[in-house]
Amino acid sequence: MRKLAVLALASLLSLPALAHEYTAGALKIGHPWSRAMPATSPTAGVFMTINNTGKDADKLISATSPQAGKIEMHTHVNDNGVMRMREVAGGIAVPAGEATKLAPGGLHVMLFDIKQQAKVGDKFPLVLKFEKAGEVKVDVKVEDGAPAAHAH
Ligand SMILES: [Cu+2]
């Protein structure tokens, strides 16, 4: 029993694996990833870091993917102690000179009408559309769900 637990922990720790990064104009998009979801879940969040190395603010206004029927930009808000997801009107702001983090419990790209359930180790394409930087295609890696195990 104990040996099994140690093995499970070791595999968790080794998960984050290789970082992948994409560039769109002044934007550097780091490690887009999604959580492996149960087969019954019709939605999934996509997370990444968007580092704006330029002098102008930008905005992530939309996204498309063959993996999803509909995609929205979301955040979480605290509604009397309950965390609820909200669509971010106008898109996710990417201020100049800052790294904007999309992470579990906060900002995320929300996929609806999932076409095919993604498993750990899968990846799927996502086209991000920025107001100024335009479109950039990234591959989203599907990882284990536990946010605590996702160290960067
Ligand atoms: Cu959401």
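Histidine 20 touches Ile29, Gly30, His31, Pro32, Asp139 and Lys141, residues up to four places away in sequence being left out of the count; contact means heavy atoms within 4.5 Å. The model is predicted, with local features needing pLDDT of at least 70, side-chain atom pairs counting only at pLDDT 80 or more, and totals for chains, interfaces and linings using all residues. Residues are numbered from 1 along each chain as its sequence is written, and side-chain values use heavy atoms, with hydrogens and water left out.

Histidine 20 is found in the loop between helix H1 (2–13) and strand S1 (21–24); helices (H or I, at least four residues) and strands (E, at least two) are DSSP runs, numbered from the N terminus. With 13% relative accessibility, histidine 20 counts as buried, where buried means under 20% relative accessible area, exposed over 50%, and partly exposed in between (1.4 Å probe, protein chains only). The side chain of histidine 20 reaches the backbone oxygen of aspartate 139 at 2.9 Å, and a polar atom of that side chain lies 3.2 Å from the backbone oxygen of proline 32. Between histidine 20 and lysine 141 there are 9.2 Å in space, C-alpha to C-alpha, although the two are 121 residues apart in sequence.

The copper ion has as its protein donors His74 (ND1), Met85 (SD), His108 (NE2) and Met110 (SD), at 2.1 to 2.3 Å. Donors are N, O and S atoms within 2.8 Å of the metal (3.2 Å for Na, K and Ca); water is not among the atoms, so sites may look incomplete. Angles among the four donor atoms are 91 to 119°, and the site is tetrahedral, a term for four donors with all angles between 85 and 135 degrees. The spacing of the donor residues in sequence is H-x10-M-x22-H-x1-M. Histidine 74 lies in strand S5 (residues 68–79) and methionine 85 in strand S6 (residues 82–87), so this pair ties together parts eleven residues apart in sequence. Histidine 74 is buried, at a relative accessible area of 5%, whereas methionine 85 is partly exposed, at 39%.

The structure holds one aromatic pair. Tryptophan 33 and phenylalanine 47 form this pair, which is tilted, with 5.0 Å centre to centre and 45° between the planes. Rings of Phe, Tyr and Trp (its six-membered ring) pair if their centres lie within 6.5 Å; planes under 30 degrees apart count as stacked, over 60 as edge-to-face and the rest as tilted. Both tryptophan 33 and phenylalanine 47 are buried.

Note on methods:
Four donors count as tetrahedral if all angles lie between 85 and 135 degrees; four count as square planar and six as octahedral if opposite donors are over 155 degrees apart and all others between 65 and 115; anything else is irregular. A polar contact is a pair of N or O atoms within 3.5 Å; within protein, one must be able to donate a hydrogen and the other to accept it, and residues adjacent in sequence count only if both atoms are side-chain atoms.
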